[in-house]
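Welcome! Shall we learn to read a protein structure together, one feature at a time?

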Amino acid sequence: MAHFAQIDENNIVTQVLVVDNAQEHRGQEFLANDLGLGGTWVQTSYNNRIRKNYAGIGYTYDEQRDAFIPPKPFQSWTLNEETCLWGSPIPYPQDEKLYIWDEEQQNWKEVTDAN
């Protein structure tokens with residue numbers, strides 16, 4: 001099965017659909033015309049073989065990088081040009097604990113059981 005992402009006029013993914021392998025070679029035409037869905041469709045890869053990342057609703061398709069980029073999670077994070085994924089200014093701690101990013105403190109905060 002082949003996967004295609006519909007992008008709007010701002011290159012934001014609005015939906016992702018699966019196309020039978022028999023139609024993969026003409027996926028854009030099949031979805032836009034044969035199924036009457038219109039719009040612009042870009043193939044995406046569930047195993048990230050093309051366009052860096054599997055497209056999701058809200059992702060941006062960057063034509064210059066030929067990549068799907070997820071929404072930026074925090075203002076302080078930067079885009080990794082190789083993976084087209086966002087990274088924190090401080091690496092995630094490498095222990096067995098669970099952390100969440102604290103944007104105000106610009107650091108990882110350990111998640112503790114509140115029970």
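This is a predicted model: local features need pLDDT of at least 70, side-chain atom pairs count only at pLDDT 80 or more; totals for chains, interfaces and linings use all residues.

Q: Thanks! Which residues make the nonpolar surface patch?

A: Tyr-92, Leu-98, Ile-100 and Val-111 make it, and the patch covers about 350 Å².

Q: Where is Ile-100 found, and is it buried, partly exposed or exposed?

A: Ile-100 belongs to strand E8, which spans residues 99–102. A residue is called buried under 20% relative accessible area and exposed over 50%, with partly exposed in between. Ile-100 has 49% relative accessibility, so it counts as partly exposed.

Q: How many aromatic pairs does the structure hold?

A: There are eight aromatic pairs. Take Tyr-92 and Tyr-99: their pair is edge-to-face, with 5.6 Å centre to centre and 90° between the planes. That label applies because planes over 60 degrees apart count as edge-to-face.

Q: Are Tyr-92 and Tyr-99 buried or partly exposed?

A: Tyr-92 is partly exposed because its relative accessible area is 32%. Tyr-99 has 13% relative accessibility, so this residue counts as buried.

Q: Which residues do ring pairs link into a cluster?

A: The cluster consists of Phe-74, Trp-77, Tyr-92, Tyr-99, Trp-101 and Trp-108. You have already met Tyr-92 as a member of the nonpolar surface patch.

Q: Let's turn to His-3. Where is it found, and is it buried or exposed?

A: His-3 sits in strand E1, residues 2–7. With a relative accessible area of 14%, His-3 is buried.

Q: Which residues does His-3 touch?

A: Leaving aside residues up to four places away in sequence, His-3 touches Val-16, Leu-17, Val-18, Val-42, Gln-43, Thr-44, Tyr-46 and Tyr-54.

Q: Where are Arg-51 and Asp-66 found?

A: Arg-51 lies in the loop between strand E3 (40–44) and strand E4 (60–62). Asp-66 is in the loop between E4 and strand E5 (67–69).

Q: And are those two buried, partly exposed or exposed?

A: Arg-51 counts as partly exposed because its relative accessibility is 22%. Asp-66, at 34%, also counts as partly exposed.

Technical notes. Residues are numbered from 1 along each chain as its sequence is written. Side-chain values use heavy atoms; hydrogens and water are left out. Patches are made of residues with over 30% relative accessible area and no salt bridge: like charges are joined within 9 Å, nonpolar side chains (Val, Leu, Ile, Met, Phe, Trp, Tyr) within 5 Å. Accessible areas come from the Shrake-Rupley method with a 1.4 Å probe; for residues, only the protein chains shown count as cover. A salt bridge is a side-chain nitrogen of Lys or Arg within 4 Å of a carboxyl oxygen of Asp or Glu. Helices (H or I, at least four residues) and strands (E, at least two) are DSSP runs, numbered from the N terminus. Buried means under 20% relative accessible area, exposed over 50%, partly exposed in between (1.4 Å probe, protein chains only). Rings of Phe, Tyr and Trp (its six-membered ring) pair if their centres lie within 6.5 Å; planes under 30 degrees apart count as stacked, over 60 as edge-to-face and the rest as tilted. Contact means heavy atoms within 4.5 Å.
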